[in-house]
Amino acid sequence: MKILMASGECLPFSKTGGLGDVAYSLSKEFAKKRHAVSVITPLYSSIKLEKFPPLEKVCDMTVKMNWRNIKCSVYTVKVDGISYYLVDNKYYFYRDSLYGFYDDGERFAFFSNAVIEFMKTINKKFDIVHVHDWQVGMIPCLLKVKYWNDDYLKNVKTVLTIHNPLFKGYFSSGSLYDLYELDISLYNNGSVRLDNQVSTLKAAIKFADKITTVSPTHAYELTTVEGSMGLWYDLTLRKDDFVGILNGMDYGEFDPSKDPRIVKNFDVTNFKENKKVNKIAFCKEHGLDPNLPLYAVVSRLTDQKGLDLIFAMSDFLTYAGGNFAVLGSGEKYAEDYFNDLYKRNPNHTYVYIGYSDQIAHELYAASDFFIMPSKFEPCGLGQMVAHTYGSLPIVRETGGLKDSVIGYDFIYGTNKDKADGFSFYDHNPQVAVRVIGETLNLYNKDQETFHKLVENAMKCDHSWNQSAKEYLKLYNSILK
């Protein structure tokens, strides 16, 4: 099968979040299964090209957007069996970050039009064009509306994956023709209209052949008024073409048996002895008592991540006999809270504001518990990495967290042979603190059960193999 992934970011070239991880990891799994997989993504100035084999120019193109005739070049390089195509335009992509500019709508309209132009220019037909999030959401619309009669493009099938429904790609109705040369009737009849604006994500939901999101529970949530971020009506209309497929994780980056960033490697057969070495080293370096349970947070510090619950949990822990470590950045009030927590209780608290890949790996390897009580979480990666490193996730039952963590039953304890973490449903600080107290009690009084849960967690299979099979099944369903 010939698959083209279109994404605003993709490892190993660019990443701001999970989108870059998924586009890469899924493509790599397709390549392992011997499918011809390509990724098209912008050539950002932040990409360190010296890390990769030399790029080869594929073509020069002119992309037309109404009165604009914009020249660009496309370069290619093969990495991990994936053919990458990088669209080079200095005006749109040589910026100091990937997103956050006043003209993002125009920038990714150019990119979406460039993807279409690229498909017309090169002598290579794709069976599936898989578009990711709002940045390239207009591609299915362009193929179905603007190029419906093009001999080369009319049979191309499209799949949309919604990674983060908060970002919908809004721009004014007047820009519909200006950026895409599409008729205003698409706005007037509601095909691309959401919240009285054009939404590229809404357009993709309307025109893609199939729609996915990154976990089954999140797919359900997106069809409810409360959990849909305003998309429930449009996704309910497409419910027969909408599925949730749980993301996997990259064991090449996260493998405690081989990880060069941690003090002592370990696996499920020796974690009781060797994981402890990492905990002792981390605690001694940062002035914490290694005999106490260590709870970790590795996260963006945003409201989505359940900051109010994390505040309550961390405050309780540091005074009730636990150690708390946080690595992340985001909302200033959250950064200030954790810095103040450290000042109030430095012997039980570690705070790193920012991001360090080295410290993240150290924390996964050293921690006993991993706190992730998100308000909403389409899939989540942290809980899967925590499993792999034997750090028991403490999560809210939402999205991919519900689909990937089996919570221990504190009342009866009858599911300890399959439980691999702890979970609760209510977004309530009192409930969150109660669960933390129960984990603290379990650690201190029942090491046998604690170690059994760690063993279960480390045996979890979060590889991309099963996810890729489900995507391929979906692709085949629209190619028949």
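Arg 193 lies over the face of Tyr 187, at 5.5 Å from the ring centre, and Arg 396 is placed over the face of Tyr 425 at 5.8 Å from the ring centre; a charge is taken to sit over a ring if NZ of Lys or CZ of Arg is within 6 Å of the ring centre and within 35 degrees of the ring normal. The model is a predicted one, in which local features need pLDDT of at least 70 and side-chain atom pairs count only at pLDDT 80 or more, while totals for chains, interfaces and linings use all residues. Residues are numbered from 1 along each chain as its sequence is written, and side-chain values use heavy atoms, with hydrogens and water left out.

Tyr 408 and Phe 422 form an edge-to-face pair, with 6.4 Å from centre to centre and 85 degrees between the planes. Tyr 408 lies in the loop between α15 (399–404) and β18 and Phe 422 in strand β18, so the pair ties together parts that are 14 residues apart in sequence; helices (H or I, at least four residues) and strands (E, at least two) are DSSP runs, numbered from the N terminus. Tyr 408 is buried, with a relative accessible area of 13%, and Phe 422 is buried at 0%, where buried means under 20% relative accessible area, exposed over 50% and partly exposed in between (1.4 Å probe, protein chains only). Elsewhere, ring pairs link Tyr 44, Tyr 91, Tyr 92, Phe 93, Tyr 99, Phe 108, Phe 110, Phe 111 and Trp 134 into a cluster.

Phe 110, a member of that cluster, is also, together with Phe 30, among the residues with the most contacts inside the largest nonpolar core, which has 94 residues. A nonpolar core is a set of buried Ala, Val, Leu, Ile, Met, Phe, Trp, Tyr and Cys residues joined through side-chain atoms within 4.5 Å. Helix α3 (residues 104–121) supplies the largest share of this core, 9 residues. A second, separate core of 66 residues includes Val 298, Cys 379, Ala 419 and Ala 432. When residues up to four places away in sequence are not counted, Phe 110 touches Val 63, Met 65, Ile 70, Cys 72, Val 87, Asn 89, Tyr 92 and Phe 93, contact meaning heavy atoms within 4.5 Å.

In the loop between α2 (90–93) and α3 is found Asp 103, which counts as buried at 5% relative accessibility. Leaving aside neighbours within four places in sequence, Asp 103 is in contact with Tyr 91 and Arg 95, and its side chain makes a polar contact with the side chain of Arg 95 at 2.9 Å; a polar contact is a pair of N or O atoms within 3.5 Å, for which, within protein, one must be able to donate a hydrogen and the other to accept it, and residues adjacent in sequence count only if both atoms are side-chain atoms. Ile 162, in strand β7 (residues 157–162), is buried with a relative accessible area of 0%. Not counting residues up to four places away in sequence, Ile 162 touches Asp 133, Leu 201, Ile 205, Ile 211, Thr 212, Thr 213, Val 214 and Leu 235.

Helix α17 (residues 447–458) has 12 residues and reaches 16 Å from its first C-alpha to its last, close to the 16 Å expected, the expected span being 1.5 Å times one less than the number of residues. Buried residues in α17 are Thr 449, Phe 450, Leu 453, Val 454, Asn 456, Ala 457 and Met 458, and the buried residues of this helix pack against α10 (271–285), β16 (369–372), α14 (382–388), β17 (392–396), β18 (422–424) and α16 (429–445).

Most residues other than glycine have a negative phi, and most peptide bonds are trans. The peptide bond from Leu 11 to Pro 12, however, is cis, with omega near 0 degrees, and Pro 12 lies in the loop between β1 (2–6) and α1 (18–32). Asp 80 has a positive phi, near 55 degrees, and is found in the loop between β4 (68–79) and β5 (82–88), where Asp 80 is partly exposed with a relative accessible area of 41%. Asn 196 likewise has a positive phi, near 60 degrees; this residue is in the loop between β9 (193–194) and β10 (197–199) and counts as exposed at 66% relative accessibility.

Definitions and conventions. Phe/Tyr/Trp six-rings, centres within 6.5 Å; stacked < 30°, edge-to-face > 60°.
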